[in-house]
Amino acid sequence: MPILEIKHISKFFGGLSANSDVSFEIGHGMIMGLIGPNGAGKTTLFNCITGYYPPSRGDVVFDGRSMHGLQPDKVCKLGMARTWQKVRPLAGMSVVDNVMVGALCRTNSLKKARDMAMEQIMVVGLGHRSGFLAGGLPIGERKKLEVARVLATQPKLLLLDEVMGGLNPAESEELIQLILAIKNLGITQMVIEHDMKAIMRISDRIVVLNSGEKLAEGTPREIVGNPYVVAAYLGSE
Amino acid sequence: MKPLFKNIGVLPAMAGLVVIVLLFLLPRFVESTYALHIMILIFISIVMGSSWNLLGGYTGQYSVGHCAYFGMGAYTTMMLMQFRQVPPWLGIWVGMAVALLVALIIGSICFRLRGPYFVLASIAVAEIFRVSALNLKDLTNGAEGILATDIPPLKIGGTIITDFSSKVPFYYTGLVFVLLVILVTWLLQNSKLGYYFQAIREDQDAAHSLGISLTIYKNVALSISAVLTSLAGSLYAVYVGFIDPSTVLALDLSVQIVLICIIGGIGTIFGPVIGALVLVPLSEALRSNVIGESLINSGVVSADSAFGGFLTENLSHAHVLIYGVLVVVVILFMPDGVLGFAKKLAFGKRKEAA
């Protein structure tokens with residue numbers, strides 16, 4: 001059984017359809033890449049899956065359970081966590097406090113939460129920053145903080161929305177290694193990314209969205225060879 | 001209990017203990033009823049400021065309608081005492097229950113809104129209570145207000161503990177309430193609830209995505225805040241002995257509550273304490289025109305000169321204006337409140353270091 005089934009999801013904003021009839025499945029432990037030109041509806045799809053928007057049509061089944069009508073906090077408790085394209089650090093709190101907020105999703109004890117938080121901070125390599133205010137971190141470290149914070153909620157499925165956006169190549173490489181390390185922990189991931197090289201490297205499968213519709217799905221090799229995808233990105237003659 | 005206390009150094013804990021002991025001994029040495037009066041006003045301000053701080057400072061929901069909960073405490077306690085002969089130390093509990101109920105109703109409506117819209121809704125709802133108290137004359141005496149004729153003496157097992165004839169029992173009640181709100185704030189700051197409140201303040205959507213139910217935790221914050229605010233209201237009503245809608249349910253009061261926190265420092269345990277210590281004496285000094293009189297008495301300005309005349313005649317009536325200007329100055333130059341300003345002075349510019 002797949003961990004996530006997206007069944008005929010449509011999302012309309014007034015007359016504009018941001019997603020229309022998108023369906024695909026994600027198997028346990030894999031990395032699913034989600035790509036598409038700007039405005040293709042990738043982030044909208046994330047928002048529909050995680051409960052920020054109720055989908056206009058269709059349903060999301062996570063771990064055999066329909067997510068219909070569930071609020072984001074409930075979705076997180078069930079084990080599906082997301083990061084934000086525009087990072088959202090809890091700026092006035094320290095790095096460790098940020099991650100503790102995530103960990104408190106699974107425990108009521110501050111001490112336990114602190115231990116869990118430190119563990120994740122070490123995983124993403126922010127150990128030297130744990131006491132710093134989150135608002136003072138540079139962008140690369142904010143992205144890592146974002147990942148540490150969702151990892152602390154102990155997700156089964158992680159949705160990463162452009163974690164490499166705005167990073168330099170060295171920082172991107174660190175995040176690629178981090179995503180692969182998370183995969184080794186057995187956590188399923190869906191990754192939105194604009195960096196084609198990166199997404200081809202890390203994804204087991206890729207779904208391409210264009211103008212809100214699913215344009216193609218397949219292995220990275222199939223996607224690269226797909227004439228529709230090439231047309232969507234480069235324009236057809 | 002050990003983890004609770006590990007965040008406090010030995011020195012501040014000792015200093016705090018000394019201050020508390022001194023405050024408890026104060027009425028033995030201070031005869032002046034005016035001094036006790038000012039202390040009681042400060043205590044009431046600290047209680048209402050700290051209560052607001054839990055919602056505004058820690059959870060980031062700026063309610064400018066907190067007079068509703070203050071008024072609920074004041075009116076419930078006063079009405080029970082005057083019309084039903086229920087002693088205030090029992091009425092206060094009913095006041096808290098009413099404030100809690102009101103908070104849950106207001107919260108379930110207003111928390112659908114965010115940011116400035118929530119602020120406006122909170123003002124609107126508080127106005128509903130003021131207008132209701134004004135017009136439900138049979139229940140509340142309307143604009144006439146309620147005058148406390150006599151407070152029943154507090155008896156335990158037949159012996160009279162106090163008959164509330166002096167200010168001392170109010171002083172101790174106020175002090176205990178202050179210690180209670182500070183304790184609650186401190187416990188919250190070191191709990192899961194406190195973390196969740198602050199996460200909501202910093203970024204609602206991020207908090208939501210980390211498994212925090214916004215509806216539940218915002219309402220919890222409001223409920224705690226409202227119940228504690230009603231304590232301040234009840235104490236005020238019984239102490240002053242007179243309430244009407246334009247004093248305990250007015251927008252002025254709501255703004256005053258917010259100012260205590262802004263001046264002192266939002267989202268800190270001792271911010272409201274500092275705010276009350278600054279604002280209450282300041283407004284008292286301006287009201288009684290201490291500055292003008294001392295200038296004249298010390299001979300700096302002659303009472304017969306034009307400026308002296310201005311000081312005695314005009315300035316004493318302009319205390320609200322001066323108060324307003326001073327508040328603006330503090331906000332302009334100390335955006336983090338007095339406490340934040342003092343910290344910055346003490347530790348240098350931490351932000352740059354970070």
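# Reading sheets, helix packing and contacts in a predicted model

Modeller: In this predicted model, chain A has an open sheet of four strands in the order E2-E1-E4-E5, with antiparallel pairing.

Colleague: Which are the edge strands of that sheet in chain A?

Modeller: An edge strand pairs on one side only, and here that describes strand E2 (16-26) and strand E5 (65-66) of chain A.

Colleague: How many bridges pair E1(A) with E2(A), and in which sense?

Modeller: Strand E1 (residues 4-13) of chain A is paired with E2(A) over seven bridges, in the antiparallel sense. Within E2(A), the residue opposite A:Phe13 is A:Leu16.

Colleague: Where do side chains point in a regular strand?

Modeller: They alternate between the two faces of the sheet. Now take the other sheet. It is open, has six strands of chain A in the order E6-E7-E8-E3-E9-E10, and its pairing is mixed. Strand E6 (80-82) and strand E10 (213-218) of chain A are its edges, each pairing on one side only. On average, neighbouring strands of this sheet are turned by 15 degrees against each other, direction ignored.

Colleague: Which strands does H6(A) touch when it packs on the sheet?

Modeller: H6(A) touches strand E3 (31-35), strand E7 (157-161) and strand E8 (188-192) of chain A, and its direction makes about 155 degrees with that of E8(A).

Colleague: How many bridges join E9(A) to E10(A)?

Modeller: Five bridges join strand E9 (residues 205-210) of chain A to E10(A), and the two run antiparallel. One facing pair puts A:Val207 opposite A:Glu217 of E10(A).

Colleague: What describes two packed helices?

Modeller: The angle between their axes and the distance between the axes. For helix H3 (residues 95-103) and helix H4 (residues 110-124) of chain A, the axes come within 8 Å and cross at roughly 115 degrees. H3(A) is therefore roughly perpendicular to H4(A). Their crossing is right-handed.

Colleague: Which residues of H3(A) and H4(A) meet?

Modeller: From H3(A) come A:Val95, A:Val96, A:Val99, A:Met100 and A:Ala103; from H4(A) come A:Ala113, A:Arg114, A:Met116, A:Ala117, A:Met118, A:Gln120 and A:Ile121. By class, this contact has ten nonpolar residues, one polar and one charged.

Colleague: At what angle does H4(A) pack with H5(A)?

Modeller: The angle between H4(A) and helix H5 (residues 139-151) of chain A is about 140 degrees, and their axes are 9 Å apart. H4(A) is therefore oblique to H5(A). This crossing, too, is right-handed. A:Gln120, A:Ile121, A:Val123 and A:Val124 of H4(A) meet A:Lys144, A:Val147, A:Ala148 and A:Leu151 of H5(A). The contact divides into six nonpolar residues, one polar and one charged.

Colleague: How does the domain assignment divide chain A?

Modeller: Domain 1 of chain A is 1-79 + 156-237, and domain 2 is 88-154. Taken over C-alpha atoms, their centres are separated by 24 Å. Nine residues from domain 1 and eight residues from domain 2 of chain A make the contact. On the domain 1 side, helix H2 (72-77) and helix H6 (169-184) of chain A are the elements that give two or more residues. H6(A) gives the most to that side, with three residues. By class, the domain 1 side has six nonpolar residues, one polar and two charged.

Colleague: Where do the axes of H5(B) and H11(B) stand relative to each other?

Modeller: Helix H5 (residues 88-110) and helix H11 (residues 214-240) of chain B have axes that come within 8 Å and cross at roughly 145 degrees. The crossing is right-handed. The contact residues include B:Gly91, B:Gly95 and B:Ala99 of H5(B), and B:Leu222, B:Ala226 and B:Ser230 of H11(B). The residues of this contact divide into 13 nonpolar, nine polar and one charged.

Colleague: Which residue in the hairpin of E2(B) and E3(B) takes a positive phi?

Modeller: B:Gly157, near 60 degrees; the hairpin has two residues between the strands. Strand E2 (residues 154-156) and strand E3 (residues 159-162) of chain B run antiparallel, joined by three bridges. B:Ile156 stands opposite B:Thr159 of E3(B).

Colleague: How many residues does each chain bring to the contact between chain A and chain B?

Modeller: Chain B brings 17 residues and chain A brings 27 residues. Helix H9 (192-202) and helix H10 (204-209) of chain B each supply at least two residues of the chain B side. H9(B) gives the most to that side, with six residues. By class, the chain B side has eight nonpolar, five polar and four charged residues.

Conventions. Residues numbered from 1 in each chain as written. Chains lettered and ligands numbered in written order. Predicted model: local features only at pLDDT ≥ 70, side-chain atom pairs only at ≥ 80, totals over all residues. Contact = placed C-beta atoms within 7 Å. Nonpolar A, V, L, I, M, F, W, Y, C, P; charged D, E, K, R; others polar. Domains from an automatic or database assignment. Pairing = 2+ DSSP bridges. Axes fitted to C-alpha atoms, helices over the stretch in contact; angles between N-to-C directions. Parallel < 35°, antiparallel > 145°, perpendicular 65-115°, else oblique. Left-handed = near helix turned anticlockwise from the far one by under 90°.
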